[in-house]
Amino acid sequence: MITADQCRMARAALRINIRDLAIEAGVSPTTITHLERGESLYPRNVEAIQAVLEAKGIEFISENGGGPGVRIKKAISND
């Protein structure tokens, strides 16, 4: 599951606000705020938020010695 920092970084990379992410994930804005504060949530809510961010092109990088992070997937060119 994603971390609070990863959620904030993903939103910043995509330039989307809490309200818009909440609508797309089917959760309340308060749920996003709780996640970004590091508070416990139902796993299904975190999974819904993560799924939306991934569908928008975010790739979550797991802890690998340098800490968890995010990146935007590279678009595939048909040239």
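**Entry 1: a glutamine in a helix**

I looked up Q50 and found that it counts as buried because its relative accessibility is 18%, where buried means under 20% relative accessible area, exposed over 50% and partly exposed in between, with a 1.4 Å probe and protein chains only. I noted that the model is predicted, so that local features need pLDDT of at least 70 and side-chain atom pairs count only at pLDDT 80 or more, while totals for chains, interfaces and linings use all residues. I also noted that residues are numbered from 1 along each chain as its sequence is written, and that side-chain values use heavy atoms, with hydrogens and water left out.

I placed Q50 in helix α4, residues 43–55; helices (H or I, at least four residues) and strands (E, at least two) are DSSP runs, numbered from the N terminus. Leaving out residues up to four places away in sequence, I found Q50 touching M1, I2 and F60, where contact means heavy atoms within 4.5 Å.

**Entry 2: the nonpolar core**

Which residues of the largest nonpolar core touch the most other members? I found 16 residues in this core, and those with the most such contacts are I2, C7, L21, I49 and L53; a nonpolar core is a set of buried Ala, Val, Leu, Ile, Met, Phe, Trp, Tyr and Cys residues joined through side-chain atoms within 4.5 Å. At least two residues of the core come from each of α1 (4–14), α2 (18–25), α3 (29–36), α4 and β1 (58–61), and α4 gives the most, with four residues. I then listed the contacts of I49 beyond four places in sequence, which include I2, C7, L21 and A25, together with V27, T31, I32 and L35.

**Entry 3: one side of α1**

In α1, I found A4, Q6, C7, A10 and R11 buried. These residues lie on the same side of α1, because they cover an arc of only 165° around the axis, the arc being that of the directions from the helix axis to the C-beta atoms. The buried residues of α1 pack against α2, α3, α4, β1 and β2.

R15 counts as exposed because its relative accessibility is 77%.

**Entry 4: the two strands**

I saw that β1 has a covered face with I58 and F60, and an uncovered one with E59 and I61. β1 runs antiparallel to strand β2 (residues 69–72), with four bridges joining them; two strands pair if DSSP finds at least two bridges between them. The bridge partner of F60 in β2 is V70.

In the loop between β1 and β2 I found P68, which is partly exposed because its relative accessible area is 33%. Beyond four places in sequence, P68 is in contact with T3, Q6, M9, I61, S62 and E63.

**Entry 5: a buried alanine**

Is A22 buried or exposed? A22, in helix α2, counts as buried because its relative accessibility is 1%. I found that A22 touches V27, S28, P29 and I32, not counting residues up to four places away in sequence. The C-alpha atoms of A22 and P68 are 22 Å apart, and the two residues are 46 residues apart along the chain.
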